[in-house]
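Here are my notes on the model, point by point. Have it open while you read.

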Amino acid sequence: MQRRKFIRTAGVGTAAVAATGALAAPAIAQSAPEVKWRMASSFPKSLDTIFGSGELFTKYVSDATDGKFQIRLFAAGEIVPGLQVADAVQNGTVEMGHTASYYYVGKDLTFALDCAVPFGLNARQQDAWWNWGGGRQAMNDFFKDYNIHSIPCGNTGAQMGGWFRKEIKTVDDLKGLKFRVSGFAGEVLTRLGVVPQQIAGGDIYPALEKGTIDAAEWVGPYDDQKLGFNKVAPYYYYPGWWEAGPQLSAYVNLAKWAELPKSYQTIVEAAAAKAHTSMLSKYDAQNPKAVRELVAAGTKLLPFSAQILEACYNATNDVFAQLNEKNPKWKKIFETWKPFRAEEVLWFRVAENTMDNFMARQSAANKL
């Protein structure tokens, strides 16, 4: 009896579906609003890893919302120049941006702590500071003054020191050098006689080729090879001591962020986290092959001398000290960031560096 009743009831349900043509949509789909945003990137499309992480981010947001939340990505220059993304997000020209915070140190050097400062945190340490060391709250309190909510959205890992038209052996060789270098590093290198130049990625090659600049840093072997810097500058130095683990950011206009449903905010955070790890792992996978090919093609791969690194380290600490005296926003964050860095470096000395250095010796001895 009960079985026949169930079959009759099920039949009514099936008929209702046939009449309406569809099953009821899930509750999340019914309540999800249609949202269309624009996202300005600081990077050209030719940089498939950095620009590509922005594409991956927008795809995840769309897929996770069944296409209800669409974010259209624009390369540098399509809406605003690459170095004006923060302004575009702040004033609402676009809802979002994908950028590197140290591009905006002209506004306040505190911006750099969201990305990288000289002799700062590596990629894993930056993540640790952001997620567990108070970085997220500290930086977004700072960004409120710029109408921005910042979310980590990529990291390149430790970068290279750049391409030079002439060999750099001593600190004296830096004097008068016109060097395309981003953000905070320019403040440090100025003290050593360098003339820093801030130039967007797509404009570096012609400036280096024409001799408008003497040297340029960008990211690392994979991107640098694609941009062809080895064709116009033979000396490739490492490490990029100003970028041990530069974090890229998804900037969201603060008012637009507040308008999003909580579910959409969660999806944006998750999509940015996916893009974040994808970028770093891709660089780690692609850089070894690229650096081998560059050296095989004649690139002279050289380390900065210990003298140069020491001079840059000392100059960096001088800049930090001056900022602590003059910039209360910087000081507020730096006073917690610095001891966190000390603890991280101590821990990495114990296990990570010991293991890495041993494996490096095996590699040098051709035992791998």
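1. Start with strand β1 (residues 35–41): five of its seven residues are buried, so the strand is largely enclosed by the rest of the structure. Buried here is under 20% relative accessible area, exposed is over 50%, and partly exposed is in between (1.4 Å probe, protein chains only). Helices (H or I, at least four residues) and strands (E, at least two) are DSSP runs, numbered from the N terminus.

2. A word on what you're looking at: this is a predicted model, where local features need pLDDT of at least 70 and side-chain atom pairs count only at pLDDT 80 or more, while totals for chains, interfaces and linings use all residues. Residues are numbered from 1 along each chain as its sequence is written, and side-chain values use heavy atoms, with hydrogens and water left out.

3. Now the neighbours of β1. Six bridges tie β1 to strand β2 (residues 69–74), and the two run parallel; strands pair if DSSP finds at least two bridges between them. A40 has F74 as its bridge partner in β2. Between β1 and β2 the chain passes through helix α3 (residues 50–64), in a right-handed β-α-β crossover (clockwise from the first strand over the helix to the second, with the strands pointing away from the viewer). Strand β3 (residues 96–100) also runs parallel to β1, with three bridges, and M39 stands opposite M96 there.

4. Which helix gives the most to the lining of the largest pocket? That's α14, with five residues. The pocket holds about 960 Å³ of space, and N122, A158, A244, N353 and D356 are the closest to its centre of the 28 lining residues. (A pocket is an open set of points on a 1 Å grid over the protein atoms alone, where a 1.4 Å probe fits, with protein on both sides within 12 Å along at least five of seven lines; lining residues have an atom within 4 Å of a point. Volume is the space filled by probe spheres set on the points, which are joined across faces, edges and corners.)

5. On to charges: the salt bridge count is 14, each being a side-chain nitrogen of Lys or Arg within 4 Å of a carboxyl oxygen of Asp or Glu. One of them pairs K45 with E78, closest N and O atoms 3.4 Å apart. K45 sits in the loop between β1 and α3, and E78 in the loop between β2 and α4 (85–90), 33 residues apart. K45 counts as exposed at 51%, whereas E78 is partly exposed at 42%.
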